[in-house]
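Look over the sequence and the model, then read the points below.

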There are 2 protein chains.
Amino acid sequence: MTSVFSHISVSLDGRVAGPRPTLKDPLGEGGMQLHEWIFDLDAWKLSHGLGAGLRNVDSDVVQASIDGLGACVVGRGMFGGGPGDWDPSWRGWWGEEPPFKVPTFVVTHFPRERLTMKGGTRFEFVVDGVAAAVARARSAASGSGGRVVVGGGASVINQALNAGVVDELQLHVVPVVLGGGPRLFDGVSPEVGFEVTDTVAGEAVTHVTYQVGRRD
Amino acid sequence: MTSVFSHISVSLDGRVAGPRPTLKDPLGEGGMQLHEWIFDLDAWKLSHGLGAGLRNVDSDVVQASIDGLGACVVGRGMFGGGPGDWDPSWRGWWGEEPPFKVPTFVVTHFPRERLTMKGGTRFEFVVDGVAAAVARARSAASGSGGRVVVGGGASVINQALNAGVVDELQLHVVPVVLGGGPRLFDGVSPEVGFEVTDTVAGEAVTHVTYQVGRRD
């Protein structure tokens, strides 16, 4: 059975981006701080065609999140924010060769034809909800034996947790307070159950993995 | 110099108590789940006069938080909620022998005479803010060489973080979503700086310690 994994960087106050995002700065004020821990890592740089980088425990965590990727599910914002939904010339934030490199299902309210990019990424736009997107990603991944990664943002992960379609959640907790921005776990039901399965002290951030289920 | 330490259990959604607290259930709906990890531990039971308990990594964390305690700072709610502020016969949630066992400074808007309890706890009520309460606790602790513990709730810790009077913060992250209730870090300035100094994977919860400072 194809497993569904989600992982995301969060601040101490539970934000996955900062307040007051703009089209130029979609991560909001201070939001880039959530991701600075990753950019110098070997696993990140290699997967983005940027040569070698730091090899350390954080890089191992990132490599493990990349290994065996079969398909992705992302929100509209992670594809390319608002404009992509109405301007057919807009092909997302990532340029012609996005880093996903697998079939990537974009949860959105706006139907759109699929986009085949370079390097293996194919964006498909799903308008009937997160559970449907995960189901389609499972199908797409099943041939490869890879898993499905629900990549964010917060809204898509929160919906996926509530829909019971996430098997494993990994948080990269970044020691910073953002003071605003979308929160992971907002609107997630207290009936969703979590159990810690792995804890890794990184150089600057903390990686905690939870098995996700339903509470009795 | 007397150091100031704060530690508190938080849910995945950052709550230190559940929604809809009542006088009978001051921790709110589901809030008791934040504390269940502690009740069977050796360090907890011994410090509450309940005999021996489980010895494990969680108990070591609790013991370390108890060792060298010189004075406490708590919010009105941790002393005894609302009624204590106007009913002089109310002596708090904890009975005649509270577990603090040191001078304990209660941050409140309502002046009140000090209360000397059994077992070393002396409640003093401070109406001029958290920083003043911490300063008085520092004085009280300085003779013993012990440190000051800012015990909660969320509001007092958040104010203390903003006031720059906390040296070290330890979170006990409990893998549960509460869906409501007071949040740690609400209103804390993004200018408060945190650096991870220790990470402990407990049996069911994750203990992360941060050195607290000011960001440049």
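This is a predicted model: local features need pLDDT of at least 70, side-chain atom pairs count only at pLDDT 80 or more; totals for chains, interfaces and linings use all residues.

Residues are numbered from 1 along each chain as its sequence is written, chains are lettered from A and ligands numbered from 1 in the order in which they are written, and side-chain values use heavy atoms, with hydrogens and water left out.

**Two copies**

- Chain A superposes on chain B by a rotation of 180° with 0.0 Å of shift along the axis, at an RMSD of 0.0 Å. The two copies are thus related as by a two-fold rotation axis.
- Contact here means heavy atoms within 4.5 Å.
- A:Gly14 is the residue of chain A that comes closest to the rotation axis, with its C-alpha at 3.4 Å.

**Salt bridges**

- A salt bridge is a side-chain nitrogen of Lys or Arg within 4 Å of a carboxyl oxygen of Asp or Glu. The whole structure holds 20 of them over all chains.
- A:Arg91 pairs with A:Glu96 in a salt bridge, with the closest N and O atoms 2.8 Å apart. A:Arg91 is partly exposed at 29%, and A:Glu96 is partly exposed at 36%.
- B:Arg20 forms a salt bridge with B:Glu29, at 2.9 Å from N to O. B:Glu29 is partly exposed, at 40% relative accessibility.
- B:Glu124 and B:Arg122 form a salt bridge, their closest N and O atoms lying 2.8 Å apart. B:Glu124 is buried at 6%, whereas B:Arg122 is partly exposed at 25%.
- In chain A, shared partners link A:Arg114, A:Arg122, A:Glu124 and A:Arg136 into one salt-bridge network.

**Helix 5 of chain B**

- Helices (H or I, at least four residues) and strands (E, at least two) are DSSP runs, numbered from the N terminus.
- Helix 5 of chain B covers residues 154–163, and its buried residues include B:Ala154, B:Ile157 and B:Leu161.
- After the helix comes B:Gly164, with a positive phi near 75°.

**B:Arg147**

- B:Arg147 sits in strand 6 of chain B, residues 147–152. B:Arg147 is buried, at 17% relative accessible area.
- A polar atom of its side chain lies 2.9 Å from the backbone oxygen of B:Ala64.
- Leaving out residues up to four places away in sequence, B:Arg147 touches residues including B:Thr2, B:Phe5, B:Asp67, B:Leu69 and B:Glu168.

**A nonpolar patch**

- A:Leu23, A:Trp93 and A:Trp94 make up a nonpolar surface patch, with about 300 Å² of accessible area together. Patches take residues with over 30% relative accessible area and no salt bridge; like charges are joined within 9 Å, and nonpolar side chains (Val, Leu, Ile, Met, Phe, Trp, Tyr) within 5 Å. Areas come from the Shrake-Rupley method with a 1.4 Å probe, and for residues only the protein chains shown count as cover.
- A:Trp93 lies in the loop between helix 3 (76–79) and strand 3 (103–107) of chain A. A:Trp93 is partly exposed, at 32%.

Note on methods:
Buried means under 20% relative accessible area, exposed over 50%, partly exposed in between (1.4 Å probe, protein chains only). Copies are superposed by least squares on the C-alpha atoms of residues with pLDDT of at least 70 in both. A polar contact is a pair of N or O atoms within 3.5 Å; within protein, one must be able to donate a hydrogen and the other to accept it, and residues adjacent in sequence count only if both atoms are side-chain atoms.
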